[in-house]
Amino acid sequence: MTYLKPGKLCFLLVVPCVWMASRRRPKGKRNLAIAAACLIYALVVMQGTVLIQVRLFDYVDRREASPVNRLPNSFPAGESEQERATFNPNVVYITMRSKRIKPANIRGTVRPKLRKKWTAKRAQTVRESDPGPFKSQGSQSMDQRLRGTESATLARAQVERRVESSHRAGERNSIQAQNQNPGSNIRIYSDSAPSWLSRQDINAMRFLADSSIAQIHKVPQHGRRRSLYLLEGVAGEQQTLNPGSRDPSKAPGCRQPCGVLKRPVDVSEVFAFHLDRILGLNRSLPAVVRRVHSVRDGLPRPVILWDDSLQMADNDTQSTVKLDWMSYQQLLKWKCWVHGKVPKPDWRCTDIHHYEWSKLALFDFLLQVYNRLDRNCCGFRPRKEDTCAQNGLKMKCDNQDNISLFHILYRDRDPRHLVFIDNKGFFDRNEDNLNFKVLQGITEFPESAISILKNGLLRERLLQSLFLDKLYWESQGGRRGIEKLIDVIERRATIFLTYMNAHGLKVLPMNE
């Protein structure tokens, strides 16, 4: 059934009323006709409104009795409950889910990890890190091997199997090494030690760290308030730790190889030994950290290999030759024994080669060792706990030419090369208080050492080398503590290279 809307009914009733009012009729009949038309209009309008509401209520009841499956979120966002109840029933609202918009790349947000794809470049990196299983294939590139396989999946599986087999082989080698040296404090988990450490260095480190202590000798030293403690170990297979013949009569009380037991505060001598080997200087004695339970405190202490071939002609300065600052500067000007030239008698040269002073100056600057070339601390501001400040030597810097050099030693069978002892370094000295006096008079530096400082290999090699000494690594707080020490050496190396460029110093090969 079709119902007329109230607007159409109004139009149909108003037209007859106007027509009747326009004709000439009696006043009473005209009013009666208008009144009847208005009454009919009112009844029709009310009836139409009631019918529409009744129809709406019937539709709602049917919708509740048999609900219709509609899409979720079909109502617009923010619409109230009253508006949802009065929607047009003849309209079906279909709302499509909007496509998700990718969020903007905001700085500071955490990006998700991207899955790395297996590429030829990554396979080449694996080959370099695990060279064992790839040595049999020569210099053939990974791309060529991948092309020869039937598919990329098969090639990836083959590479993964090879890498896994190499890891298993490395684990077997480490287990065998631990079985051969159970409880050793020298950790070597590969077939060979780092290239900068010789076989004699490794044997000396194992002897100092792992050998049984037969006896401890207390040796008083002239010119020193502290006595020297020597640990006599059971030599075993390490009887030839030092090249050349040994004279047991020179070792005070030691019939077997000995080690010098230092204080816990001298632990930086172990770092100095590894730095010396990495720079290619090879002038310091092997050193490790060892815990001696017979000592009262039981703290880890550095133990330095005792070399009985060192000559100490002058006990006051503990040196083989006695030099003061003025004579030392004269030797630097004459460049004694360079290119095999025999120095003149009036030059007053010693048996020490000229290049040895360059290596000593570089070594002392990086570690800020002052007890050899600047014992009175004239080149920097000392601390209260420094030896020169405690002994009042800083006050004697007015006449520096007569200040003697200390610990200038060489072996009796090798007078051309120095031996560095008492290499206690200082890592807490500020960069604006570095001692540049140890570099005074030096115009050339060894090429091998400078190349290590420039090419950025110093950190990597120090980490590899210091990791061998287990007790030293742990005593410095693990890798985090070692990294802090290396940071100091790297900053000093940068300052040293700047100093070289500013003064136009030369770099020469010094492998004579």
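Which cysteine does a disulfide join to Cys377? The partner is Cys388, with the two sulfurs 1.9 Å apart. A quick word on the ground rules: this is a predicted model, where local features need pLDDT of at least 70, side-chain atom pairs count only at pLDDT 80 or more, and totals for chains, interfaces and linings use all residues. Residues are numbered from 1 along each chain as its sequence is written, and side-chain values use heavy atoms, with hydrogens and water left out.

**Disulfides**

Searching the whole structure turns up three disulfides, a disulfide being a pair of cysteine sulfur atoms within 2.5 Å. Here they are with their S to S distances and the torsions about the S-S bond.

| Pair | S to S distance | S-S torsion |
|---|---|---|
| Cys336 and Cys349 | 1.9 Å | -65° |
| Cys377 and Cys388 | 1.9 Å | -100° |
| Cys378 and Cys397 | 2.1 Å | about -90° |

The Cys336 and Cys349 link is left-handed. Both of its cysteines lie in the loop between α9 (325-334) and α10 (354-367), so the pair ties together parts that are 13 residues apart in sequence. (Helices, H or I with at least four residues, and strands, E with at least two, are DSSP runs numbered from the N terminus.) Cys336 counts as buried at 4% relative accessibility, while Cys349 is partly exposed at 22%. For those labels, buried means under 20% relative accessible area, exposed over 50%, and partly exposed in between, using a 1.4 Å probe and protein chains only.

Back to Cys377 and Cys388, whose link is left-handed too. Cys377 sits in the loop between α10 and α11 (387-390) and Cys388 in helix α11, so this pair ties together parts 11 residues apart in sequence. Cys377 is buried at 0%, and Cys388 is buried at 1%.

For Cys378 and Cys397, the torsion is about -90°, so that disulfide is left-handed. The pair links distant parts of the chain, 19 residues apart: Cys378 is in the loop between α10 and α11, and Cys397 is in the loop between α11 and β6 (409-411). Cys378 is buried at 16% and Cys397 is buried at 14%.

**Aromatic rings**

On to the rings. The search finds 13 aromatic pairs. Rings of Phe, Tyr and Trp (its six-membered ring) pair if their centres lie within 6.5 Å; planes under 30 degrees apart count as stacked, over 60 as edge-to-face and the rest as tilted.

Trp325 and Tyr328 have ring centres 5.5 Å apart and planes at 50°, so they make a tilted pair. They are three residues apart in helix α9, which puts about one helical turn between them. Trp325 is buried at 6% and Tyr328 is buried at 0%.

Phe365 and Phe436 are tilted as well, at 5.1 Å centre to centre and 50° between the planes. Phe365 lies in helix α10 and Phe436 in the loop between β7 (414-419) and β8 (444-446), so the pair ties together parts 71 residues apart in sequence. Is Phe365 buried or exposed? At 0% relative accessibility, Phe365 counts as buried, whereas Phe436 is partly exposed at 31%.

**Charges over rings**

Two Trp rings carry a charge over the face. Arg416 lies over Trp337, at 3.8 Å from the ring centre, and Lys437 lies over Trp325, at 4.6 Å. The criterion is NZ of Lys or CZ of Arg within 6 Å of the ring centre and within 35 degrees of the ring normal.
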